[in-house]
Amino acid sequence: MRLVSPGAVWRVVPAVFVLIWSTGFIVARYGMPHAPPMGFLSWRYALSIACFGVWIGLSGARWPQGRAAWGHLAVTGLLMQAGYLGGVWAAVRLGLGAGAVALIVGLQPVLTALWLASRGAPGDGGRVAPLQWAGLALGLAGLALVVGRKLGQGEVNGPNLLMALLALASITVGTLYQKRFVAPCDARTAGCVQMLAALAATLPLAALETAPIDWHPEMVGALAWSVLGLTLGASSLLYMMIQRGAAAAVTSWLYLVPPTTALMAAVLFGEPLGLDVLVGTALTAAGVALVQRAAR
């Protein structure tokens, strides 16, 4: 007898995704002092491939069929893994704070909605509804309130801003590309193909880095969680969410990542948690609720 219906499970998945995805900046705080960005990410991709390989072998998951399927998945891997993560980690390495990076990358739902509106969103649930625009505006206001105060003087410069914008463009284009071109397939084999493409793009850049990797316990812990929690967990959930839902509705959940990260940092590192964070979190939650209600 089935105890939990699939519909009930999928109602919980976005919340689980937000919680796991939000730990990405926490991982960066632990790992960044001990490893250059491309070197860390190369290890992350390589270990993810190994874990996916074991998982696929034990489960007998089916691989994507045809060169086109592999090619489309490789493109999404370059955009949503190598481009997005490479941009975020490089921006942090160049001095841009996690809050500032979150604010910039947090513009993705707005860019996604603007693109869908300009195209009429064929095949993706129709045009963006007025209620969704209201939710996106609320989410953006809350996001700015939470992390806007972290945009300190001298923190933003040309190189780190460029890397953050690269991450924003990569995750936005990658999401839209996957929704448009990637046919439904097993999330495990799809993730493995994406990691292979990301590793192929990142490894040559890692070879150019001169800073060594310090295998400090914080570095090992950050790498382990990056592979098991973020790649095998959150990235797989994001892939399945994009396959099942409209792009505007799926990306709206990313509005909750910066406020959730702020809450985690307050608990783990004692960072101040002021009224602006609490109000901003409430606004983003209300915005996501509006977008999801319109999508349903």
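Biologist: Before we start, what should I know about the model and the numbering?
Modeller: This is a predicted model, in which local features need pLDDT of at least 70 and side-chain atom pairs count only at pLDDT 80 or more, while totals for chains, interfaces and linings use all residues. Residues are numbered from 1 along each chain as its sequence is written, and side-chain values use heavy atoms, with hydrogens and water left out.

Biologist: How many helices and strands are there in the protein chain?
Modeller: The protein chain has 13 helices and 0 strands, where helices (H or I, at least four residues) and strands (E, at least two) are DSSP runs, numbered from the N terminus.

Biologist: And what percentage of the residues is buried?
Modeller: Of the 296 residues in the protein chain, 49% are buried; buried means under 20% relative accessible area, exposed over 50%, and partly exposed in between, with a 1.4 Å probe and protein chains only.

Biologist: Let's go to Arg 44, where does that sit?
Modeller: Arg 44 belongs to helix H3, which covers residues 37-59.

Biologist: What about a charged partner for Arg 44?
Modeller: Arg 44 is buried yet has no salt bridge, and the nearest side chain of opposite charge, Glu 209, is 14 Å away. A salt bridge here is a side-chain nitrogen of Lys or Arg within 4 Å of a carboxyl oxygen of Asp or Glu, and for charge, Lys and Arg count as positive and Asp and Glu as negative, with His and the chain ends not counted.

Biologist: Which side chain does Arg 44 make a polar contact with, then?
Modeller: The side chain of Arg 44 makes a polar contact with that of Thr 231, at 3.0 Å. A polar contact is a pair of N or O atoms within 3.5 Å; within protein, one must be able to donate a hydrogen and the other to accept it, and residues adjacent in sequence count only if both atoms are side-chain atoms.

Biologist: How many salt bridges are there by this rule?
Modeller: The count comes to 1 salt bridge. Arg 188 forms a salt bridge with Asp 186, with their closest N and O atoms 2.7 Å apart. Arg 188 counts as partly exposed because its relative accessibility is 22%, and Asp 186 is likewise partly exposed at 22%.

Biologist: Switching to Ala 187, is that buried or exposed?
Modeller: Ala 187 has a relative accessible area of 14%, so it is buried. Ala 187 is found in helix H9, residues 187-208, and, leaving aside neighbours within four places in sequence, Ala 187 is in contact (heavy atoms within 4.5 Å) with Phe 52, Ser 236, Tyr 239 and Met 240.

Biologist: Where does H9 bend?
Modeller: H9 bends by about 30 degrees at Thr 202, and Pro 204 follows within four residues; the bend at a residue is the angle between axes fitted to the seven residues ending there and the seven starting there.

Biologist: One more, what does the side chain of Gln 178 do?
Modeller: Gln 178 lies in helix H8 and counts as buried because its relative accessibility is 1%. A polar atom of the Gln 178 side chain lies 3.2 Å from the backbone oxygen of Tyr 239. Not counting residues up to four places away in sequence, Gln 178 touches Thr 76, Met 80, Gln 194, Tyr 239, Ile 242 and Gln 243.
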